[in-house]
Structure formats: C-alpha cells, structure tokens
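Hello,

Here is the structure I promised to pass on. Please open it alongside this note; my findings follow below.

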Amino acid sequence: ELMNNYAKKIGMNNTNFMNPHGLPDPNHYSTARDLALLGRAMIRDFPEAYSYNKIKEYTVNGIRQHNRNGLLWRDASVDGIKTGHTSAAGYCLLASARRGDQRLVSVVLGIQTDSAKQGFDLRENGNLALLNWGFRFYETRTLYTPDKSITTPRVWKGAEDAVALHVATPFSVTVPRGKFDALKANIDVPKYIIAPLKAGQQIGTLKISLDGKVIAEAPLVAKTAVAEAGFFGRLWDSFLMWWDKL
C-alpha cells in the first residue's frame with residue numbers, strides 16, 4: 001500500500017505493486033515511463049541513497065561483491081541505477097547519466113536472453129544508445145530560479161497590495177536542440193488572491209509549452225507572507241470585488 005501510494009504521488013499511473021520484492025504476480029506490473037519517473041524521483045529526493053548506485057564493488061567478510069550495472073565500467077558519465085531479472089520481465093536495466101549540467105534517465109525492459117554470457121549485453125547496449133541519442137539531440141536549460149520573482153499579482157483584503165510569486169526550486173526543461181527559442185511560458189493564477197497568505201504557499205502554476213503542448217509545469221509560491229488588512233481595508237476590498245464582478 002505504501003509503495004502504490006508513493007507511485008501515484010510521483011505520477012506512476014500505469015504501475016501496480018503486489019509485493020515489495022518484485023517477483024512475478026499477474027497484477028504486479030509497471031512501464032518503462034513509470035520506471036523512469038521512479039528513477040528521477042530517487043535522484044531528486046534521495047541523493048544520498050542514489051549515490052550508492054555508482055559504487056562498482058565492495059568487500060564484506062572477504063567476499064567481493066560486484067555491481068551488476070556494467071555501464072559503470074563502459075561510460076564514466078553513468079552513475080546508476082538498477083538491473084533486474086525475472087522470468088516474466090526478462091533482463092531489465094534502469095540507467096542514468098550526467099554530462100555537464102544535463103542528466104538523463106533511460107530504461108530497457110524485456111530482454112529475453114542472457115546476452116552478457118555471449119560477450120555483450122543487449123540491455124546495456126540499448127541504454128547506452130538511448131543515453132547517447134538523448135544527449136546528442138536534446139538540451140536542458142534552467143528557465144527560472146527561486147531568487148527571481150516571476151509575477152506580482154494583486155492581493156485582496158491584505159495588509160499588502162501585491163505578493164511576489166516565484167518557483168521554490170530551480171525550474172529546468174529538456175527540449176530538442178534548437179527548440180529553446182520556441183518555448184512559451186504561461187502563468188495561471190486565480191483572479192482573486194485573498195489574504196492571509198503564508199510564505200511558500202502555492203498561489204498558481206507556471207506552464208511551459210512547446211508547439212502548443214505543455215511540456216513542464218511548476219508551482220508558483222508566495223515569496224513573503226501577507227497578513228490580513230484591518231476591518232475597513234477588508235470591507236473596502238469586499239466592495240471593490242463585488243463591483244468588479246458586476
């Protein structure tokens with residue numbers, strides 16, 4: 001239940017866990033996209049735990065343990081994430097690499113033969129091809145940072161007339177190379193923002209579109225708190241809002 005709840009929270013809408021160990025079950029399933037979302041969430045939310053994935057080997061009680069992710073030896077930019085195999089799923093690999101300021105996640109599922117025994121590994125080759133393709137044809141740029149206010153809408157019934165909105169964390173997008181100038185930003189905030197407001201409270205949403213399709217969005221939060229106005233201030237704004245709605 002905990003796993004399924006967290007999966008839904010991070011957008012894994014085509015995943016259902018029936019057990020915590022991953023062994024086959026008719027109702028235990030996921031998709032390549034969902035596993036990519038899981039990998040991204042681990043990198044973003046649990047960086048210390050994620051860092052263990054790049055350890056190539058370690059020794060305990062004289063027993064040497066090797067990381068099964070062979071891409072760690074083949075490409076220095078790769079630092080994770082997880083191999084897997086069951087009779088139902090085949091040989092699988094969820095991988096990630098960072099080159100410069102750009103990180104990509106790739107997933108290969110369902111390889112039916114243990115090709116590693118033949119001197120090559122299809123799941124490694126597939127992931128490496130995906131990563132190389134992604135880094136060659138896509139670019140990642142940071143559009144907004146928390147120190148910059150994006151918009152300053154009016155606040156009704158507040159001690160302040162307006163509130164600055166910003167993104168809580170750096171907001172980056174990945175787009176095909178050469179498409180950066182075609183991005184369009186749209187700010188979605190309520191017409192009436194009413195005090196009191198807390199610092200960090202989500203007020204609206206910032207949406208980035210490419211060719212008419214929303215490709216990324218982030219919450220817009222209040223940079224500072226806004227207290228309620230006094231009685232007469234609230235009364236006057238109530239009258240103005242009523243008049244505005246006529």
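Start with helix H2 (residues 32-45), which lies across S3, S4 and S5 and runs at about 140° to S5. Helix H5 (residues 122-137) lies across S3, S4 and S5 too, at about 150° to S5. Helices (H or I, at least four residues) and strands (E, at least two) are DSSP runs, numbered from the N terminus. Axes are lines fitted to C-alpha atoms, for helices over the stretch in contact (heavy atoms within 4.5 Å). Angles run from 0 to 180 degrees between N-to-C directions.

A word on the source. This is a predicted model, where local features need pLDDT of at least 70 and side-chain atom pairs count only at pLDDT 80 or more, while totals for chains, interfaces and linings use all residues. Residues are numbered from 1 along each chain as its sequence is written, and side-chain values use heavy atoms, with hydrogens and water left out.

Now the sheet under those helices' names. Its three strands form an open sheet in the order S3-S4-S5, with antiparallel pairing. Two strands count as paired if DSSP finds at least two bridges between them. Strand S3 (78-86) and strand S5 (102-111) are the edges; each has a single partner strand, so one side of each is left without a neighbour in the sheet. From one strand to the next, the twist averages 10°. Strand S4 (residues 90-99) pairs with S5 over eight bridges. Ala95 has Ser106 in S5 as its bridge partner.

Next, the other pairings. S10 and S11 run antiparallel and are joined by eight bridges. Leu210 is the bridge partner of Lys213 in S11. The hairpin of S10 and S11 has two residues between the strands, and Asp211 there takes a positive phi near 55°. S7 also pairs with S11 in the antiparallel sense, over three bridges. His166 stands opposite Val221 in S11.

Last, the cores. A nonpolar core is a set of buried (under 20% relative accessible area, 1.4 Å probe, protein chains only) Ala, Val, Leu, Ile, Met, Phe, Trp, Tyr and Cys residues joined through side-chain atoms within 4.5 Å. The largest has 20 residues, and Val155, Val163, Phe171, Val173 and Leu197 have the most contacts inside it. Strands S7 (165-167), S8 (171-176), S10 (202-210) and S11 (213-222) each supply at least two of its residues. A second, separate core of ten residues includes Leu93, Ala97, Leu104 and Leu128.

Best wishes

Definitions and conventions:
Buried means under 20% relative accessible area, exposed over 50%, partly exposed in between (1.4 Å probe, protein chains only).
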